[in-house]
Amino acid sequence: MMTAWGVMHSMAADRSGLKGKTITADTRRRVWGFARPYRAWIFAFIATTVASTFLGLLPPLVIREIFDAAIAEGDGSYLDVLFAVLIAAAAGEALLSLAGRRLSSGIGEGLILDLRLRLFDHVQRMPLAFFTRTQTGTLVSRLNNDVIGAQRAFTGTLGTVVANVITLVATLIAMFVLEWRLTLLAVAILPVFVLPARRVGRGLQAITREGMNLNASMNNTMTERFNVAGALLVKLFGRHDDEAADFSDRAGRVRDIGVRSALYSQAFLIALTLVGAVGTAIVYWLGGHLAIDGTLSAGTLVALGLYTVRIYVPLTSLSNARVDVMSAFVSFERVFEVIDTPNPITDSGDARDLTQPEGRVEFRGVSFAYPAADDTPESLGVAAAGFEDGSAAAGRTRGSPDASAVDSHDGAAGAVEVLSGIDLNIDPGRMVAVVGPSGSGKTTLVSLVPRLYDVTEGAVLVDGADVRDLTQASLRAAIGTVTQDPHLFHDTVASNLRYARPGATDVRLVEACRAARIHDVIAALPDGYDTVVGERGYRLSGGEKQRLAIARMLLKDPAIVILDEATSHLDTENEALVQEALTEALRGRTSLVVAHRLSTIVDADLIVVLDDGVITESGTHDGLRLAGGLYAELYEGLLRAEVAGTADPAETAEAAGQAGQAVLAETAEAAGQAGQAEVTETAEAAGQAVP
């Protein structure tokens with residue numbers, strides 16, 4: 001019965017993705033390459049299967065002897081021996097089955113481990129552009145479903161095929177030796193079952209495909225609605241009843257599909273049982289007549305009846321063997337597709353470690369264009385195809401959504417340059433602020449330092465060494481980054497902090513948090529540093545997450561600090577606290593600060609103004625104000641907004657003039673989230689900095 005269930009599920013599997021598929025020699029070679037460490041286990045598994053099959057053939061022959069020899073001759077001692085043989089055969093088959101299961105599980109689980117480790121290591125080393133193009137769910141599916149499918153190639157499909165072939169061949173040979181006419185008759189009725197069974201199988205495939213799609217849809221709904229952001233949106237729009245009704249509709253359809261699937265499955269099992277019963281009955285009927293005529297012994301007839309039952313399930317299963325093997329190998333191909341995705345950012349063969357970093361950063365004639373997505377498999381859900389020809393990026397303007405997307409690591413701008421001819425020297429311990437319109441390349445510029453991307457032309461140097469000549473691990477160990485929306489794992493505060501330095505003591509954690517002005521907040525939490533922060537840190541406010549990220553960076557103790565919009569969208573109180581924490585964090589470190597708020601960068605040693613990927617201005621706050629360029633217009637626009645007493649982003653941008661319009665709009669928009677008082681205070685603070 002369990003074997004029959006396996007055949008039924010094999011016939012029900014969705015084969016829609018196998019049309020036109022063939023198993024290439026290269027795929028077979030690579031599959032064997034992964035299986036090579038387990039080849040001894042594989043041979044042992046096959047040997048165990050063969051031995052188990054032959055032991056399974058023994059009982060009918062022993063029963064034949066019981067009828068034709070022991071009972072017919074009245075030999076009780078021989079009957080006792082045959083009884084012992086039956087018990088020994090059953091026990092041996094059970095032990096071999098257990099040993100085979102141990103071998104197959106060892107092969108399968110080992111293969112899963114190898115594939116998962118290989119996939120995980122390869123994916124997490126891929127450059128940032130890879131993740132901006134692919135769907136996370138698709139990657140997770142490759143790591144789980146496809147890896148398990150590949151495992152089944154050895155522990156399920158291939159093992160079943162081998163076992164069925166051996167069982168079928170051995171059983172048919174035994175039956176032909178006993179009585180060839182009855183054997184042919186038993187095999188002849190199989191098509192009467194196989195053809196309707198295939199029809200049932202196609203129906204099961206359609207039902208299975210629909211059920212999988214509906215379940216995927218429900219899973220996606222639950223994933224989106226059960227995270228913090230999704231749950232908040234549903235509550236704010238009051239859509240609880242609508243969501244429940246929609247989910248109920250899909251869940252009801254899954255229920256109906258389950259009922260239909262159960263009926264199809266039961267029909268299949270009944271048909272298989274019926275064919276087995278009919279085949280056995282025919283063998284006994286005709287065999288009985290032969291026994292009455294004296295041409296066949298009673299023991300042989302009983303043995304043939306027992307063998308007949310053993311041939312139908314293997315024959316039915318083997319009729320789907322090609323498709324089953326193909327399905328298993330397709331899973332391997334999907335795994336290989338990810339593994340074969342090239343990683344353009346790797347350590348060179350002679351890369352050296354960055355030791356005792358001083359923090360000197362230099363850009364020499366740097367130009368950069370985001371790489372095209374040509375090497376990323378389409379099956380991974382490649383995104384942003386609209387940018388592949390560079391048309392959208394080429395026509396970007398300040399403050400446009402397309403420009404913002406490109407600057408935000410969209411990674412699909414193709415051959416369109418985001419940065420061009422950048423020359424910049426930053427001495428150790430100096431603070432450099434990078435400002436400019438949205439889409440001007442600010443985030444891209446600072447992303448080149450930790451080598452999240454490689455330059456198209458020129459070079460980025462740290463302590464005089466090209467970053468491409470340094471090991472990525474040592475380079476990134478010397479750099480600490482705080483972004484606008486720092487990511488926190490669904491773990492404790494302490495674990496999130498120790499991600500920067502796993503061996504940090506509790507004392508070090510407290511010191512870093514005190515410096516980041518966040519210790520008192522953590523100490524007031526229910527479990528202190530053992531408090532779980534929730535998904536993406538939703539249990540903390542924006543300012544608290546920022547300060548926790550700063551503490552994590554301080555714990556890392558980097559020589560170079562990159563702040564990417566670290567104070568955007570904060571209220572006045574949180575901004576003041578974050579500014580205090582940043583003052584502590586930047587002391588004695590080289591820092592690159594990307595910001596739209598002037599209050600963040602007025603004290604910088606050097607301010608660099610980017611416009612359309614080119615440095616148009618550089619200097620101190622005082623010097624740039626007097627120069628009367630884009631920076632000065634931005635600053636004057638904020639002062640006019642204070643005088644006018646308005647926080648309207650459009651009016652503020654208009655006051656700034658055409659050259660600074662996009663910058664002002666973005667600045668005012670960020671400030672507008674905190675209200676009019678914050679804009680006034682920002683302008684006021686800027687005014688106090690330079691009377």
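Trainee: What is the order of the four strands in the open sheet, and in which sense do they pair, parallel or antiparallel?

Mentor: Two strands are taken to pair if DSSP finds at least two bridges between them. Strands (E, at least two residues) and helices (H or I, at least four) are DSSP runs numbered from the N terminus. In this predicted model, the open sheet has the order β2-β1-β4-β5, with antiparallel pairing. Its edge strands are β2 (417-426) and β5 (465-466), each of which pairs on one side only.

Trainee: Over how many bridges do β1 and β2 pair?

Mentor: Strand β1 (residues 361-369) pairs with β2 over six bridges, in the antiparallel sense. Ala369 stands opposite Glu417 in β2.

Trainee: Before we continue, what should I know about the numbering and the model?

Mentor: Residues are numbered from 1 along each chain as its sequence is written, and the model is predicted, so that local features need pLDDT of at least 70 and side-chain atom pairs count only at pLDDT 80 or more, whereas totals for chains, interfaces and linings use all residues. Side-chain values use heavy atoms, with hydrogens and water left out.

Trainee: How many helices and strands does the protein have, and what percentage of its residues count as buried?

Mentor: The protein has 27 helices and 10 strands. A residue is buried under 20% relative accessible area, exposed over 50%, and partly exposed in between (1.4 Å probe, protein chains only). Of the 691 residues, 47% count as buried.

Trainee: Which residues have the most contacts inside the largest nonpolar core?

Mentor: In soluble globular proteins, nonpolar side chains tend to be buried together. A nonpolar core is a set of buried Ala, Val, Leu, Ile, Met, Phe, Trp, Tyr and Cys residues joined through side-chain atoms within 4.5 Å. Here the largest core has 43 residues, and those with the most contacts inside it are Leu497, Tyr529, Ile550, Ile601, Ile607 and Tyr631. Among the elements that give two or more residues to this core are β3 (431-435), α20 (542-556), β9 (606-611) and α24 (630-644). Helix α20 gives the most, with seven residues.

Trainee: Which residues does Ile550 touch?

Mentor: A contact means heavy atoms within 4.5 Å. Leaving aside residues up to four places away in sequence, Ile550 touches Val482, Ala516, Val578, Ala581, Leu582 and Ala585.

Trainee: Where is Thr300, and is its side buried or exposed?

Mentor: Thr300 is in helix α11 (residues 298-318). Thr300 counts as buried because its relative accessible area is 3%. With residues up to four places away in sequence not counted, Thr300 touches Arg64, Asp68 and Leu178.

Trainee: How many salt bridges does a search of the whole structure find?

Mentor: A salt bridge is a side-chain nitrogen of Lys or Arg within 4 Å of a carboxyl oxygen of Asp or Glu. The search finds 13 of them. In one, Asp246 is joined to Arg250, with the closest N and O atoms 2.3 Å apart.

Trainee: Why are Asp246 and Arg250 separated by about one helical turn?

Mentor: The reason is that they are four residues apart in helix α10 (residues 240-293). Asp246 counts as partly exposed, at 36% relative accessibility, whereas Arg250 is buried, at 11%.

Trainee: What is the N to O distance between Arg364 and Glu362?

Mentor: In that salt bridge the closest N and O atoms are 2.7 Å apart. Arg364 is partly exposed, with a relative accessible area of 46%, and Glu362 counts as buried, at 18%. Another salt bridge joins Asp506 to Arg498, with the closest N and O atoms 2.5 Å apart. Asp506 is exposed, at 52%, and Arg498 is partly exposed, at 22%.

Trainee: Which residues make the nonpolar surface patch?

Mentor: Patch residues have over 30% relative accessible area and no salt bridge; like charges are joined within 9 Å, and nonpolar side chains (Val, Leu, Ile, Met, Phe, Trp, Tyr) within 5 Å. Areas come from the Shrake-Rupley method with a 1.4 Å probe, and for residues only the protein chains shown count as cover. Val165, Val169, Ile173 and Val177 make a patch of about 360 Å². Val177 lies in helix α6 (residues 136-178) and counts as exposed, at 67% relative accessibility.
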